[in-house]
Amino acid sequence: MDDLKSKYLSLIADAADESAIEDLRVQAVGKKGEISLKMRELGKMTPEERQVAGPALNALKDEINSALSAKKAALADAALDERLRSEWLDVTLPARDGRVGTIHPISQVTEEVSAIFADMGFAVAEGPQIESDWYNFDALNIPGHHPARAEMDTFYTHRAEGDDRPPHVLRTHTSPVQIRSMEAGGAPIRIICPGRVYRADYDQTHTPMFNQVEGLAIDKDISMANLKWTLEEFFSAYFGARVKTRFRASHFPFTEPSAEVDIQCSWVDGQLKVGEGDGWLEVLGSGMVHPKVLQAAKIDPDQWQGFAFGVGIDRIAMLKYGIPDLRAFFDSDLRWLRHYGFSALQVPTLHGGL
Ligand code: DAH
């Protein structure tokens, strides 16, 4: 019995897991276990022998059973400890960053410009990017022989052989949307037309596709003074500082008189600041809509007049957000987009200071 006891106690002590414990239980105290078989032998003993061996065997059985359950509990504790160690979770860690996209600066600035002009009563109009020769040029008083056509580096589409109608073009400016909007809505009208435009040109400040916003206001008594006020209001709201403008006489076929507009700025230590200093930066073209343009859009120039302007969206985005190279706008470099992009929740509003 002593042999049995020390054999099982040491086997139990060495058991590595719960299934080993179960095997030992069957082997020792199961129906056909070693100790159970010994108990069966009690029947063959003399009463005196049985009186000694009976209690001793019962005690052995009890001892083995309690050793088995103690070891089983110890193994379960160790298993739990191991799980707690390996499945440890720090609930105080910050959540992992979800990859969220950003709003492109051009989209953001288009929204900003629209919000500012909406506040001044301008609606947003759109037109096609593939435009007819008539809307892109003729209706804007740029006839076939006009040098402005050659200057625009136009992308032309192809006509079928033998078809000598003028080919459509990728619109070189947003000005054709003026004509389409006046045709559709007549006068009075106040609109801005943001959108993509195309010219065959490529360097640090020119890309074959870029963005403009056109402005148009037609009514009975509109003058250059209204144009100047509107633009100063716009630039001041956009840059968040009072911005002076300077009008320089210029020439565009679709306006008479025409002016190029500069905004006040300073250059200090290579840093450009808009709305201060005594420097000037050219930002747009403008003027009083030419009577021939009104006529082309079926509006009577003896009754109506107004101003128009065109400004590069990418250009004013670069100025406001300190973006040095225009080409990067269209490279789709994720690092650039994350750096210069805006959160979808940063919706520009006038009351939010844009
Ligand atoms: N369409 C001109 C361009 O792309 C910009 C422009 C100048 C638009 C004068 C106008 C304007 O409406 O009046 O260079």
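Predicted model: local features only at pLDDT ≥ 70, side-chain atom pairs only at ≥ 80, totals over all residues.
- Phe234 and Tyr238 both belong to helix 9, and because they are 4 residues apart, about one helical turn separates them.
- Is Phe234 buried or exposed? Phe234 is buried, with a relative accessible area of 2%.
- Tyr238 also counts as buried, at 1% relative accessibility.

**Another pair, in helix 12**

- The rings of Trp336 and Tyr340 have centres 5.1 Å apart and planes at 45°, so this pair is tilted.
- Helix 12 covers residues 334–340, and Trp336 and Tyr340 are 4 residues apart in it, which means that about one helical turn lies between them.
- Trp336 is buried, and its relative accessible area is 12%.

**An aromatic cluster**

- Which residues form one aromatic cluster? They are Phe117, Phe122, Phe234, Phe235, Tyr238, Phe239, Phe307 and Phe309.

**Where helix 5 meets helix 9**

- Helix 5 spans residues 105–119 and helix 9 spans residues 224–239; they pack at an angle of about 130°, with their axes 10 Å apart.
- That angle makes helix 5 oblique to helix 9.
- Helix 5 passes helix 9 in a right-handed crossing.
- On the helix 5 side, the residues in contact are Val109, Glu112, Val113, Ile116 and Phe117. Their partners in helix 9 are Thr230, Phe234, Ala237 and Tyr238.
- Sorted by class, this contact has 7 nonpolar residues, 1 polar and 1 charged.

**Helix 8 and its surroundings**

- In helix 8, which runs over residues 176–185, the buried residues are Pro176, Val177, Gln178, Ile179, Ser181 and Met182.
- What do the buried residues of helix 8 pack against? Their partners include strand 2 (130–131), helix 6 (133–136) and helix 10 (291–296). Strand 4 (189–198), strand 5 (209–219) and strand 10 (305–312) are also among the elements they pack against.
- Just after helix 8 comes Gly186, which takes a positive phi of about 65°.

Note on methods:
Residues numbered from 1 in each chain as written. Heavy atoms only, no water. Axes fitted to C-alpha atoms, helices over the stretch in contact; angles between N-to-C directions. Helix = DSSP H or I, 4+ residues; strand = E, 2+ residues; numbered from the N terminus. Parallel < 35°, antiparallel > 145°, perpendicular 65-115°, else oblique. Left-handed = near helix turned anticlockwise from the far one by under 90°. Contact = heavy atoms within 4.5 Å. Nonpolar A, V, L, I, M, F, W, Y, C, P; charged D, E, K, R; others polar. Buried < 20%, exposed > 50% of the residue type's maximum accessible area, 1.4 Å probe, protein only. Phe/Tyr/Trp six-rings, centres within 6.5 Å; stacked < 30°, edge-to-face > 60°.
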